[in-house]
Amino acid sequence: MVIKELEGAIEAILFALGESVELERIAAALEHDEETVRNVIRNMITKYDTEDRGIHIIEMDGAFQICTKPDMYEYLIKIAHVPKKHVLTDVLLETLSIVAYKQPITRMEIEKIRGVSCDHAVSKLVEYGLIQEVGRLDAPGRPMMFGTTEEFLRYFNYESLDDLPILNQETIDDFKAEAEAELGFSFSPSDERALSELSDAEGFDDTDEAEESEHF
C-alpha cells in the first residue's frame, strides 16, 4: 500500500469512528507496523496544519483523532447550534490543576489543598468531561479518586500529561495566595514580626544556628 493509500485509509478510519483511535488498532487494520503508521499520521498532521483546512488530526497518549480546528468553532455554532465551549472559572481551573498534577486524588485531598469545599467544582468538571472517577481509595469509606480525561487533553491541546507545564515556586506561591484570599486570611506585617520574634525565641534564627555550629 503506497503512502497516498495509507493516508486515505487512515483518514477514513478516523473520520468514520469520530473518536480517538489507538495507534495499535489503526496499524492492525492497515496491516502495517506501528512505526510506519505513526510516521504517516504525523506527516498528515503537519500537512493538515499547514493547509487551510477546517479539520486537523490530534495525538493524545498514543491515540489519534480528527477534530474541527478551534478557529472554525464559531461557524459550527451558527449551523449546528452547538453550545459554546465551557468557560472555566478561576475556581474550576484551580481545582482542575490540582487534579491534573496530583491524580489520582480524592475530593477530601483536593479540599485539604484548597482549604475550601470543592463539591461544586468537582461536579462541574465531571459534567464538562474534564475529570472522571478513576477508582476508589483503599481506606475507610473507600472515597472516590479522580483523574483527568481524554477530553482534558483535547481541551488544552496536550498529547499527554507529560506536556503539563512544570510548576515553579512563583506559581505555587500564587496558588497559596489565592487560597488565603478565599479563606479571608493573610499575614499582616505585625503577624510576620511576631512570627519572627517567636522563631528567634525558639532558637530557629539562622545566625544562632551558625554560631552554635562553630562550637562543635
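Strands β5 and β6 (residues 144-148) pair in the antiparallel sense, and five bridges join them. One of these links can be picked out by residue: Gly135 has Met145 of β6 as its bridge partner. The model that shows this is a predicted one.

The sheet is open and has three strands. Their order is β4-β6-β5, with antiparallel pairing. What stands at the edges of this sheet? The edge strands are β4 (105-106) and β5 (131-136). Each has a single partner strand, so one side of each is left without a neighbour in the sheet. Helix α5 (residues 90-102) packs on this sheet. It touches β4, β5 and β6. The direction of α5 makes about 95° with that of β6.

## A sheet built from β1, β2 and β3

Another open sheet of three strands runs in the order β1-β3-β2. Its pairing is antiparallel. Here β1 (21-22) and β2 (55-60) stand at the edges. Each of them has a single partner strand, so one side of each lacks a neighbour in the sheet.

Strand β1 pairs with β3 (residues 63-68) over two bridges, in the antiparallel sense. In β3, Ala63 is the bridge partner of Glu22.

Two packed helices are described by the angle between their axes and the distance between the axes. Take helix α6 (residues 107-114) and helix α7 (residues 119-127). They pack at an angle of about 125°, and their axes are 10 Å apart.

Which residues make the contact? From α6 come Arg107, Ile110 and Glu111. From α7 come Asp119, Val122 and Ser123. Sorted by class, the contact of α6 with α7 has three charged, two nonpolar and one polar residue.

## The chain as a whole

The chain has 11 helices and six strands. How many of its 216 residues, as a percentage, count as buried? The share is 27%.

Contacts can also be sorted by separation along the sequence. Among contacts between residues at least 6 apart in sequence, 46% join residues at least 24 apart.

Methods: Residues are numbered from 1 along each chain as its sequence is written. This is a predicted model: local features need pLDDT of at least 70, side-chain atom pairs count only at pLDDT 80 or more; totals for chains, interfaces and linings use all residues. Side-chain values use heavy atoms; hydrogens and water are left out. Two strands pair if DSSP finds at least two bridges between them. Helices (H or I, at least four residues) and strands (E, at least two) are DSSP runs, numbered from the N terminus. Contact means heavy atoms within 4.5 Å. Axes are lines fitted to C-alpha atoms, for helices over the stretch in contact, and angles run from 0 to 180 degrees between N-to-C directions. Ala, Val, Leu, Ile, Met, Phe, Trp, Tyr, Cys and Pro count as nonpolar, Asp, Glu, Lys and Arg as charged, and the others, Gly among them, as polar. Buried means under 20% relative accessible area, exposed over 50%, partly exposed in between (1.4 Å probe, protein chains only).
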